[in-house]
Structures are given as structure tokens and as C-alpha cells.
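Hello,

Here is the structure for you to open. My notes follow below it.

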2 protein chains.
Amino acid sequence: MDIQQYMHDVGRHGREASRAIARADSKVKNEALRTIAAAIRRESAALIAANQDDLAAARAAGLDSALLDRLTLPAEGVSNMADGVEQIAMLPDPVGEISDLKFRPSGIQVGRMRVPLGVIGIIYEARPNVTADAAALCLKSGNAAILRGGSEAIRSNRAIAALVQEGLAAAGLPANTVQVIDTTDRAAVGYLITMREYVDVIVPRGGKGLISRLLAESRVPMIQHLDGNCHVYIDDDANADMALRIVENSKTQRYGTCNTAESLLVARSVAVRLLPPIAAMLAGKGVELRGCTETQALVSDARAASEEDYATEFLAPILSVKVVAGLDEAIEHINRYGSHHTETIVSENYGRAMRFLREVDSSSVMVNASTRFADGFEYGLGAEIGISTDKIHARGPVGLEGLTSQKWIVLGNGQTRG
Amino acid sequence: MDIQQYMHDVGRHGREASRAIARADSKVKNEALRTIAAAIRRESAALIAANQDDLAAARAAGLDSALLDRLTLPAEGVSNMADGVEQIAMLPDPVGEISDLKFRPSGIQVGRMRVPLGVIGIIYEARPNVTADAAALCLKSGNAAILRGGSEAIRSNRAIAALVQEGLAAAGLPANTVQVIDTTDRAAVGYLITMREYVDVIVPRGGKGLISRLLAESRVPMIQHLDGNCHVYIDDDANADMALRIVENSKTQRYGTCNTAESLLVARSVAVRLLPPIAAMLAGKGVELRGCTETQALVSDARAASEEDYATEFLAPILSVKVVAGLDEAIEHINRYGSHHTETIVSENYGRAMRFLREVDSSSVMVNASTRFADGFEYGLGAEIGISTDKIHARGPVGLEGLTSQKWIVLGNGQTRG
């Protein structure tokens, strides 16, 4: 197989299909999505069988249990996958939405119309459910998708792709609206992330390792998300009970998610009073604390935190802690050590809460709420293709709207420029 | 001079200054802008003298008259430059604007806050007025700017930069908010467009040659604009008089601008009636027509159009013409040969006007209005840093808002995730 030729064909077909899907109306797109969901339910047994083949090959290749875990598609996973596609069918269609129409002194009416981005390349690891999810999000937002899943999942992905094709055909949409790259050759990814003429944006869904590797080589804009080193700052005027509950939820509700708090900052004036009970609550849940010398003086079993601890996304029951002079030091610390993901202040002070919102340079900034709320579903996006810690185009949770752009429209009745 | 070290210092200083300017309030930023404008007026003679030195050097180097033209800063140009900076001071501040606050079922209130992009690199050719204009737009939008003008204008740019510094100092803003790269070494540009850690976006302002060169090597997102191959499509149901006026204005009001029409498409059913008078009007203005065989049959002095003519931005009194079967062929032609800049349909037919708006993939799509309206001032943006023919982040005329992004904000009163 000439992989360069193959990928250029994939790109060209994607570009062609993108023109048709961009103008498809909501009814047709939703029909395709509902047919895909029904086909997934109908073919549940076949999907699980294909997945078992992937798992057998992965076990034979000696792959580790974490990867096997991600690769596994249980019956419940198939059903969730179909549910997800149906939910996307029910979301409002962002394409064609006209906003901000205003008359100008020249007499023309100027506004904006939401339009698809074009061709979206999705690169992900061994989770087969991403195939259906990403295909559905791209289709609904009027984009063509080129999907490249982990090679371990290729049998599962092929089986899911066939059902996506069935849905597209039933609705009369071009088969190339969703293409699954049908080779495990790693060179395919190299072409996908550099074919600017065919691919408008890359969305990597996977670990930090994958993303930083892609970022170094990509020539196509990328909606990416690296670390989630999130902070809770307890201000001088924090409500003690609220501070405890927000730290508890931000840190301990789940340890492995990107919006979990990894660092706690406490204003010096309240540290003596608030830090010991919070430390006791965390100790009770088995969370290890790594703190500054002041933290250690207040919490006997806290280990000393290194510089690196403050910059680390632990994804584990470990929390770095620092006593700070106040808001200024907290903001400086966050902007320096954080990853621009999600930070929250616990405070009853209006001025400081407003300054925190304004001056913390993160994709989500919160007052008196758990960092765990940073999520497309919690924000009301209905679905999420990923979380962006970038600033250009999209920041934070990215839903259907993040897969679109806005063009300008002008409505006139014969106006010319003077 | 170690150019790599120099550029890394410039980048680092820009990043540091970006934090301060991002949180500067509107009053302080406007004070800086008004001081800059006043200093420009006060130092008019000195600016013109510096510009004369640039011109003398350019003449001695044998540079062509078009470049000398662009380089020249007359007294009126100085005054316009000051006016421009004052106008930017009067625009609303986009930074900190909160929108779309909505309560979610969890009880949190979720919305978005507009924030600066960070550090903006502007690369331009020999027009000294861009120095003041770009500095003012970045400052107002809360961004740090790194400006790299054409080497021929370095004396003018240094003189303007000194006045920008005066304004920043008067308002208590960091001097590094606006840095002018003070070397003519071409390697500086290579570093500027690849220092991802220090530069958030590049805005090239200049000709197509400059932009395509930068695009090939840039590792930083770019708000760029290549061709403006704009189309007028005269539909079957066009008002004859309006069609003539819109073609006249779109093509002949100015020949050298990117929103000038370069191609005319006419529906076959009206070509016999409408094309001859339009051709006569254009002939009277000295516009050369290059058309398909049907055009040539109707317009005796039209030359034959080549494939390349249909893909060309002439920037001259030349217009390519094609008779098409109808809307479908027109849209297909535009999406194939056009440059995704600006296109207009002349039509009284509702359905076809709506389809044109929806299906033409350009940054500005118009009904019954001249393509010449595609402009930040005509659209009401108040100022324009450039026009983007890209889809990611910003499309079409880019004003202050295009130099910002939105972060998510969450207002709670102790909510945790269940």
C-alpha cells in the first residue's frame, strides 16, 4: 500500500464529502444519526465479537491491563454508545444559525452565520466508543470526519464504521462523510496532521503523551488539551464549611479526571483555622499531602512539596498544598504552576472573587464551586468533543459549536459603496 | 548580536508584559492611547524627518517606486495615524465582557468572559502607519504586541515606537507591552513565527508573497488572508438595474482592494438581456473582459478566458466572465475557483438567495450588495487588524474581538458535583 497516496485520497474524499454534509439539513443529519444508533443496538453481538478479536490480539501481544481496560467494549458500552449518538441527534443543529443581524448606516444588514469547519481529523487511542461518538459529533456539526483510532482497536473500529456507513447511506449522505483510516501504519498519522489542503482541524483524544507528540509535528490547527493541574484557592473570607466541601469534591470525587484539583492554596490569615480540618478530612480519604513549610507546621503528616509537585497533575490521591499571603500570591502561583485548565476561589469577598475571575488565565475560572464542574455536559453543551486548554478558536469544554465557525452575511437591496 | 537570544528575550518580555496589560482597566488603556495620539501630533516634524531618512536610504538602495510610495509618511499620514489611535481609544473595551450567563440544573451559573489572546506578533512591510495602528489595537484588546516592520522603515518605526513607549509610561503600563524588533536581520522573523511558548498568534499585514512565505514556516497560529478572488453572481431573477450597479461598484470602485470583484457569473436565462449592457458599462470604464464562449458570443470584444483567469485575483481593470446554467453551477464555480473571501448574488428569488448565503463557503456572503462592503469599518467593527480567509478562530474582517478569546466562568455558592 502506498500510504502517501492512500492518505491523499482519504483527504481529497473528505474534502469532497465536506461540501455535501455542510449543506445537509438537520432532518437528514438526524435521520442518519438515528439509523446509526439503531444499527449499533441491532449489531451489539457482532460489535462485541469484533472487540473480542481485538482483545485476543492485544493479549497475545502482551499489552498491559490499563490498555486492555480501555479497549474493552462490554454490552453496556455498546448501549451507551447508541444512547450517545441518539442524544447528539436531539441537540439543536448549530449549522446555519444566523445571529447579530444589524443595520449599518449604509443600509446593508450585517450578521453572522454559523458554518462547519470542513474536515476534522480525530486521532485517538484504543477506546472504540470514540469512533461512534466522534463520527456523530462531526456529522451533526456538518463536518466530514477522518478517524484514526488506536491500531489495537482496528477490528472494533471497522465494525462500528460499517454501521456509520449504513446510517449515512440510509439518509442519502455521502459515504466519505465519515472515513475510518483502515491501516495501522503509523505514517498515516504523519500525513493526516500535515495535509493542510484537506484537513481543517485535528482533535486528538487521548493521553498527554499522544498529544504532545502530535503537537510537535502538526501543521494543521489542533484543539488540544494537555495537563489539568487545577487549583482550589481558599481566600481570607472563605466560608469554612464550603471550603471543606469544595476541596473534598474537587479532589476526591474522582482522582483520574482532568478537572480534579491537584493543588490547594490557603490564605495565611485562615490557614491555622481551616487547614487542619481539611487535612483531617483528606487523610480520612487516604489523600497524601505535599506542602510548604507552613503547611507542614500545621499538618504533621504532610510531606515537603518540591517545585515539581506544584507543577504536577497527579491523577492520584495526592494534593500539593501551599499557604499564601493572599489573592495576589495565589493568582501568581496559579498562572505560573498551573496548566490553564480550571481553578476555583472559595470566598465571600466580592472584590477578590471578581479579581480572581478576571485575572486567572485559565479556560474555566470559578467562584464557590467545585472544579469538577468543568465539563461539557455540566456546562450545558449537550456533548463534548474534548477540552481545549488553548486560547485560539475554542477554550475549555468544546461542544458542537466548537466544531463550527462563523462567516459574515450581508443582506442588501442594491446598496453600493460610496 | 546573538539574534536567537535577542528574540527569546523579546518573547519572554512580551509574555511578562501580557499579564499586566491583560488586567489593565479600560481607563488606563485609553489614557495610554490618547497620550500616544497626542505625542504623534506633537512630534509630527520629527516623524517626517525620520521617514525622510528612510526614504533617502531606500532611494539610494534603488528600491522601486511602489515601495517608496508605501514607505512615504506625509504630514497628512501622521495626522491620520493619530486619528486612528484616538478612534481606537473610543471603541468599547472587549476585555472582561461577560456573556451568556445561564443557571444550570446543578445550581451553578455558567457563562463566558472575553479575555486577551496574550502576545501578538505583527509582521508587516514598509508602511510605517501600521506600527501605530497595530500597537493601538493590541493595547486596547489587552494584548502585548511584538512588531516587526519592513527593514526599509526602521527609522520611522523606531520614532513611532518611542512615542508609543511614552504613552505606555504615562499610563503606568509596562514598556514591553509594545516591542518593536530593533534589527533588520531576517532571522528575527523566523524566531518570531516559531516561538510558540511566547507568541500566541501572528498577524501578517502585507502582500500575498509575504503571507505565503510565513504560512509555510509558521508554528504559531496565524490570522491570515491570501487572495481576494471575489464573485458577483447574477441570478435568473435579478433586477437588471441593480445587477448593473452592483457589478459596477464591485468591480470599478477600486481595482486594487481585496474585496474588489474579479469574476462575474451570469445565469443563462438572463445573459442575453443583461450581459451586453453590463459589458458596455465596463468597456466605458476601460475594464477588459475575459469570458467563456457564450460570453464571447454576446460581447464581441471579450477575450477568451483561460482556466487560470477564473482563479486569478487581477487587482486590475480585468474581469473574468462566465455564463452558467444557474445557481448550482454558480456555487460550484465559486467554491472551486474562488478564494473564500467575498461573493454576492443579485437576485429577487428568496429560495436561491438563502441557498447562496448558506452554501457559498466564503468569509463574507452577500445578497444584493456590493462586494466592496466586506470591510471592518463597513461592518461596524470600528477598526480592523486584518481580514481572515481562514476558518479557525476568526473569519473575514477581524476587529478587536478577533484579538480576544472567551474563557468559561462559573458562579456558585458552594455547589459540588454529585
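Where is Asp100(A) found? Asp100(A) sits in strand 1 of chain A. Strands here are DSSP runs of E with at least two residues, helices are runs of H or I with at least four residues, and both are numbered from the N terminus. The phi of Asp100(A) is near 60 degrees, a positive value in a residue other than glycine. Most residues other than glycine have a negative phi. Asp100(A) is partly exposed, at 47% relative accessible area. The cut-offs: buried is under 20% relative accessible area, exposed is over 50%, and partly exposed is in between (1.4 Å probe, protein chains only).

Asn368(A) also has a positive phi, near 50 degrees, and is not a glycine. Asn368(A) lies in strand 13 (residues 364-369) of chain A. Asn368(A) is buried, with a relative accessible area of 5%.

**Ground rules**

This is a predicted model, in which local features need pLDDT of at least 70, side-chain atom pairs count only at pLDDT 80 or more, and totals for chains, interfaces and linings use all residues. Residues are numbered from 1 along each chain as its sequence is written, chains are lettered from A and ligands numbered from 1 in the order in which they are written, and side-chain values use heavy atoms, with hydrogens and water left out.

**Confidence**

Chain A has a mean pLDDT of 94 (the predictor's confidence in each residue, from 0 to 100), and 100% of its residues reach 70 or more. The model scores are ipTM 0.91 and pTM 0.90.

**Domains**

Chain A is assigned domain 1 (3-223 + 394-411) and domain 2 (230-378). The bounds come from an automatic or database domain assignment. The C-alpha centres of domain 1 and domain 2 of chain A are 36 Å apart.

**A helix pair**

Look at helix 3 (residues 44-60) and helix 7 (residues 154-170) of chain A. Their axes come within 7 Å and cross at roughly 160 degrees. Axes are lines fitted to C-alpha atoms, for helices over the stretch in contact, and angles run from 0 to 180 degrees between N-to-C directions. Helix 3 and helix 7 of chain A are therefore roughly antiparallel. That term covers angles over 145 degrees; under 35 is roughly parallel, 65 to 115 roughly perpendicular, and the rest oblique.

Which residues meet there? From helix 3 of chain A, they include Leu47(A), Ala50(A) and Asp54(A). From helix 7 of chain A, they include Ile154(A), Ala159(A) and Leu163(A). Contact means heavy atoms within 4.5 Å.

**Around Leu265(A)**

Leu265(A) is in strand 8 (residues 261-267) of chain A. Is Leu265(A) buried or exposed? Leu265(A) is buried, at 0% relative accessible area. Leu265(A) and Val321(A) are 56 residues apart in sequence, yet 5.8 Å apart in space, C-alpha to C-alpha. Neighbours within four places in sequence aside, the contacts of Leu265(A) include Val232(A), Ile234(A), Val324(A), Ala330(A), His333(A) and Ile334(A).

Ala330(A), His333(A) and Ile334(A) are among the buried residues of helix 14 of chain A. The buried residues of helix 14 pack against several elements of chain A, among them strand 7, strand 8, strand 11 (318-324) and helix 15.

**Salt bridges**

There are 64 salt bridges over all chains. A salt bridge is a side-chain nitrogen of Lys or Arg within 4 Å of a carboxyl oxygen of Asp or Glu.

- Glu97(A) and Arg114(A) pair at 3.8 Å, N to O. Glu97(A) is in the loop between helix 5 (75-90) and strand 1 (98-103) of chain A, and Arg114(A) is in strand 2 (residues 109-116), so the bridge ties together parts 17 residues apart in sequence. Glu97(A) is partly exposed at 41%, whereas Arg114(A) is buried at 10%.
- Asp237(A) and Arg352(A) pair with their closest N and O atoms 3.3 Å apart. Asp237(A) is in the loop between strand 7 (230-234) and helix 10 (240-252) of chain A, and Arg352(A) is in helix 15 (residues 350-359), so the bridge ties together parts 115 residues apart in sequence. Asp237(A) is partly exposed at 36%, and Arg352(A) is partly exposed at 23%.
- Asp328(A) and Arg355(A) pair at 2.6 Å, N to O. Asp328(A) is in helix 14 (residues 327-337) and Arg355(A) in helix 15 of chain A, 27 residues apart. Arg355(A) is partly exposed at 31%.

One network, joined by salt bridges that share partners, holds Arg23(A), Asp328(B), Arg355(B) and Glu359(B).

Best wishes
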